[in-house]
Amino acid sequence: MSLLDVKSFAAGKWITPDANARTIENAVTGAVMARAGNDALDVQAMLDHARDVGGPALRALTFHDRARLLKNLATHLGKHKQALYDLSFASGATQSDHLIDIDGGIGTMMVYASKGRREMPDTNIYLDGDVEQLSRGGTFLGQHIATSLHGVAIHINAFNFPVWGMLEKLAPTLLAGVPAIVKPATATCYVTELAVRLMLDSGILPAGALQLVSGGLGDMLDRLSCQDVISFTGSADTAFKLRSAPHILKNSIRFVAEQDSLNASILGPDAVPGTPEFDLFVKEVQREMTTKAGQKCTAIRRIIAPQAQVDAVIEALRARLDKTVIGDPQAETTRMGALVSNSQKRDVLGKANIIGTEAERVYGDPDNFEVHGADRDNGAFLPPMLYHCASPDTAERVHDTEAFGPVSTIMGYRDLDHAIALANRGQGSLVASVITRDAEVARTVAIGAGAFHGRLYFNNRDSMKESTGHGSPLPHMVHGGPGRAGGGEELGGVRGVMHYMQRTAIQGSPDILTAISSTWVPGAAENPAPAHPFSQHFNDLEIGETIHTDPRTVTLDDIEHFANFTGDTFYAHMDDAAAKRNPFFPGRVAHGYLLLSFAAGLFVEPNEGPVLANTGLDSLRFMKPVQAGDSIKVRLTVKHKTPRNTAYGEVRWHATLTNQDDEMVAQYELLTMVAYAT
Ligand code: NAP
């Protein structure tokens, strides 16, 4: 059978492997199926193409444009996922593994598409935090902003998730406006190549936004600059080698690392046999040991159970693992497929033997297990293997040896502090889970173990139906961990986009900050509105456009009427003596909500017009009480505009209420949906 040529995509051209290409094995049969790599790849031309063509094209787009691009890409991949499934079986993955890798990757991209539209502005400058008051008079202010790096992101990925591993980095990178060069692990690069080909063929991406290296990177990393980012996923050894290269250190080149991890799962003291939590724990551990044949960076490597429950957990796990059918990944009955290659299988067996020096194997014999519908001897199959470590305090290897396969070690704990100490001996991990319904146990673990783990996953009978699983990194939540896990962070919503942007502290006058941020800053010029702002369409409203209303006097009748009408007869509004005893009030005061209602009455334009709805209020503060006889007036300014769809956009108004002495009474941001002119 002829070999599949896995190509690279460099500077707009597909490059075929050359004579020195590396061969790739079919995980299920052990036969060589493909080859990848070309020593003559022009890595400088790739970097130039990304920096000179892809970067400028992406930076010219706003966050919303880029988010739409992500949505289109994800939709396109979704339409072609069967082709990805079909090819991916050769990596040993089952259909349920594909759901994590392929559907999970597409879903992650969709979440970034949605977050880009909802949480980022329709410009290419992202505001990080609020305006900082740097001067007494308010003429000199500060604002942190983030802008796209002018370089390229090099994504070096692990073999286990050839699609998710690429898309979870590509989505935030493209949203940041930065082009990417993806270098998948050679063992499964044929799946990544197909996904890249699908995205490129769709015509959705600007030229230079995405390139692919199948095989080695050559000396590409020695040609990077401070505007580039390396985002690495793989083993700690490779990460150390790459990140400690003199060129990387000397030029402070960003290096985000996600590496191996000795993740733990703790069975809470309350989760005794017979409780839903005990069953849940066993189910989660079994699933983590067998999904992707245990080749998951987040898999549970250490099972930490109360000493008294260790035997019960082993028995329950044995029963579940017995039901795990190992075999042909394409067969519907198969629950666990093959490891990615025979060399990976040898690596796992070697690591299992190291664990075996400190722990006894209590389940799974690699020399004697059944494989259904596939070649046990030539395919990269292994059974799940459970070890029991009786002396976890003196053991070393069980806490630092990652067998990247279906291997896990159970150990007993004396009390919760002991459980936390054992979990933390992983020296920094991606995730630790705790199966408990005892909220105090959860809090104690969060305090004791939080600093050692990138994610803490608590689950019990109340959350188990909707929970997403110990091993699933979610695009909304950070994925990464301290120490051994690489010290990096990915995902986490907009946080993940920031790895590809530079944060800059901007200092200047309100007008300067307004111009840079496309957001009106108090103190900046107020442009008189040419007509009542509520009568103007979204596209006609200008940032800074302002109206000042007439004043309205608040009477005691107003306060009483409002109190009786709404039922809010709180003593500060009704009882002068009681109000005076309160340190905040000089006597009876108007309700804050009455003031807001009066404000609306002052600034509203009552006729049918482009303002469609009031969708909320942000940052409301009442600053000074208003008493009967005081009068209030409103200043309303267009602060920021965000297009939502082709029919309307969101206008954020800055509203300030002042009294007859021009003292600030209240301040808030009003959100409205405003129609475009047709
Ligand atoms: P690996 O051997 O460290 O390889 C990772 C990547 O680095 C591959 O793309 C590899 O390419 C590349 N690479 C190796 N040497 C390189 C060099 N000198 N220059 C440039 N690139 C180089 O890891 P793996 O075996 O693929 O993956 C398994 C490991 O990844 C496990 O330890 C697992 O825990 C970890 N992992 C971590 C996460 C996470 O999010 N934290 C996720 C998945 C996996 P080649 O394949 O071409 O050598």
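The following dialogue goes through several labels applied to this predicted model and the values behind them.

Trainee: Why is Gly492 called buried?

Mentor: Gly492 has a relative accessibility of 1%, and buried means under 20%, so Gly492 counts as buried. Gly492 sits in the loop between strand 21 (488-491) and helix 15 (494-497).

Trainee: What makes Pro475 a contact of Gly492?

Mentor: Contact means heavy atoms within 4.5 Å. Gly492 touches Tyr112, Pro475, His476, Met477 and Val478, with residues up to four places away in sequence not counted. Pro475 is 17 residues from Gly492 along the chain, and the C-alpha atoms of the two are separated by 5.7 Å.

Trainee: Why is strand 16 said to be largely enclosed by the rest of the structure?

Mentor: Five of the five residues in strand 16 (residues 385-389) are buried, so the strand is largely enclosed.

Trainee: How do you know that both faces of strand 16 are covered?

Mentor: In a regular strand, side chains alternate between the two faces of the sheet. Met385, Tyr387 and Cys389 are on one side of strand 16, Leu386 and His388 are on the other, and all are buried.

Trainee: What makes strands 15 and 17 pairing partners of strand 16?

Mentor: A pair needs at least two bridges. Strand 15 (residues 360-363) pairs with strand 16 in the antiparallel sense over three bridges, with Arg361 opposite Tyr387. Strand 17 (residues 407-413) pairs with strand 16 in the parallel sense over five bridges, and Met385 stands opposite Val407 there.

Trainee: Which residues have the most contacts inside the largest nonpolar core?

Mentor: The largest core has 60 residues, and those with the most contacts inside it are Met109, Leu167, Leu170, Leu174 and Met199. Leaving aside neighbours within four places in sequence, Met109 is in contact with residues including Leu70, Leu73, Ala74 and Ala171. A second, separate core of 37 residues includes Tyr387, as well as Ala27, Ala352 and Ala380.

Trainee: Which element gives the most to the shell around the ligand?

Mentor: Helix 7 does, with three residues. Helix 7 (236-243) and strand 11 (229-233) each supply at least two.

Definitions and conventions: Residues are numbered from 1 along each chain as its sequence is written. This is a predicted model: local features need pLDDT of at least 70, side-chain atom pairs count only at pLDDT 80 or more; totals for chains, interfaces and linings use all residues. Side-chain values use heavy atoms; hydrogens and water are left out. Helices (H or I, at least four residues) and strands (E, at least two) are DSSP runs, numbered from the N terminus. Buried means under 20% relative accessible area, exposed over 50%, partly exposed in between (1.4 Å probe, protein chains only). A nonpolar core is a set of buried Ala, Val, Leu, Ile, Met, Phe, Trp, Tyr and Cys residues joined through side-chain atoms within 4.5 Å.
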